[in-house]
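Good morning. Please have the sequence and the structure open while I talk.

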Amino acid sequence: MPTTYHNAAVNISASLSASSQPYGTTSTFLTVPTSSTYILKNCQIANASPLVSASSYTVNVIANLHISSSATTHSLVFWGAVPAFSSLDVLSDNLVLEGGDSLVLTITGSNPISGSWTPTVNAIGSYLDIS
C-alpha cells in the first residue's frame with residue numbers, strides 16, 4: 001500500500017447558560033484502524049469561542065493518547081489554557097500511532113460569565129498512513 005498523507009479535524013463545543021456551570025465535552029480526533037500505522041505530523045487546537053458582549057474567554061483543553069496495545073492513556077496536554085483567538089500545538093515532533101490507538105480531546109472548565117456562552121475549539125492536523 002502506498003504511503004499517503006491525510007488530514008484529520010474535529011470541532012468541540014458546549015452550550016452553557018448558568019454562571020459557573022461546569023462543562024466537559026470529549027471527542028475523538030483520530031483513531032487508527034486495526035491493521036494500520038500512522039505518523040501524526042501535527043495537531044493544532046484553536047479557540048474558536050464566540051465573543052460575548054465584546055469579551056473573549058480562555059478554553060481549557062486536555063489531549064490524551066490512548067495506546068491500544070498496552071491499554072494505557074497518556075496526556076499530551078493536560079489542562080492547556082488556550083486564550084481567545086489563539087491556538088495550541090499539541091506535538092513538537094512526529095508521533096507514531098499503531099492499530100487501535102487514538103487521540104482524544106476534551107474541553108473542560110466552568111462558565112466564566114453570568115449569561116450564555118459556548119466554549120468552542122477546532123482541532124486540525126495531518127498524518128501519514130504508512131500501512
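This is a predicted model: local features need pLDDT of at least 70, side-chain atom pairs count only at pLDDT 80 or more; totals for chains, interfaces and linings use all residues.

The protein has nine strands and zero helices. Its C-alpha atoms fill a box of roughly 55 × 25 × 20 Å along the principal axes. Of the 131 residues, 41% are buried. The accessible surface is about 6700 Å², and carbon and sulfur atoms hold 50% of that. If you take the contacts with a separation of 6 or more, 80% of them are between residues 24 or more positions apart.

Four strands make an open sheet, in the order 2-8-4-5, with antiparallel pairing. Which strands stand at the edges? They are strand 2, residues 22-31, and strand 5, residues 72-82. Each has a single partner strand, so one side of each has no neighbour in the sheet. On average, neighbouring strands here are turned by 20° against each other, ignoring direction. Strand 2 pairs with strand 8 over nine bridges, in the antiparallel sense. Find Thr 31, and opposite it you will see Ser 102 in strand 8.

Next, the rings. A pair of aromatic rings is described by the distance of the centres and the angle of the planes. The search of the whole structure gives three aromatic pairs. One of them is Tyr 23 with Trp 117, an edge-to-face pair at 6.3 Å centre to centre, with 75° between the planes. Tyr 23 is in strand 2 and Trp 117 is in the loop between strand 8 and strand 9, 94 residues apart. Tyr 23 counts as buried because its relative accessibility is 8%, and the cut-off for buried is under 20%. Trp 117, at 2%, counts as buried too. Another pair is Tyr 38 with Tyr 127, which is stacked, at 4.4 Å and 25°. Tyr 38 lies in strand 3 and Tyr 127 in strand 9, so this pair ties together parts 89 residues apart in sequence. There is also one aromatic cluster, formed by Tyr 23, Tyr 57 and Trp 117.

Last, the proline. Where is Pro 119? It sits in the loop between strand 8, residues 102-110, and strand 9, residues 120-129. Is Pro 119 buried or exposed? Pro 119 is buried, because its relative accessible area is 0%. Leaving out residues up to four places away in sequence, Pro 119 touches several residues, among them Ile 12, Leu 16, Tyr 23, Val 59 and Ile 107. Tyr 23, then, is in the aromatic cluster and also touches Pro 119.

Methods: Residues are numbered from 1 along each chain as its sequence is written. Side-chain values use heavy atoms; hydrogens and water are left out. Helices (H or I, at least four residues) and strands (E, at least two) are DSSP runs, numbered from the N terminus. Buried means under 20% relative accessible area, exposed over 50%, partly exposed in between (1.4 Å probe, protein chains only). Contact means heavy atoms within 4.5 Å. Accessible areas come from the Shrake-Rupley method with a 1.4 Å probe; for residues, only the protein chains shown count as cover. Two strands pair if DSSP finds at least two bridges between them. Axes are lines fitted to C-alpha atoms, for helices over the stretch in contact, and angles run from 0 to 180 degrees between N-to-C directions. Rings of Phe, Tyr and Trp (its six-membered ring) pair if their centres lie within 6.5 Å; planes under 30 degrees apart count as stacked, over 60 as edge-to-face and the rest as tilted.
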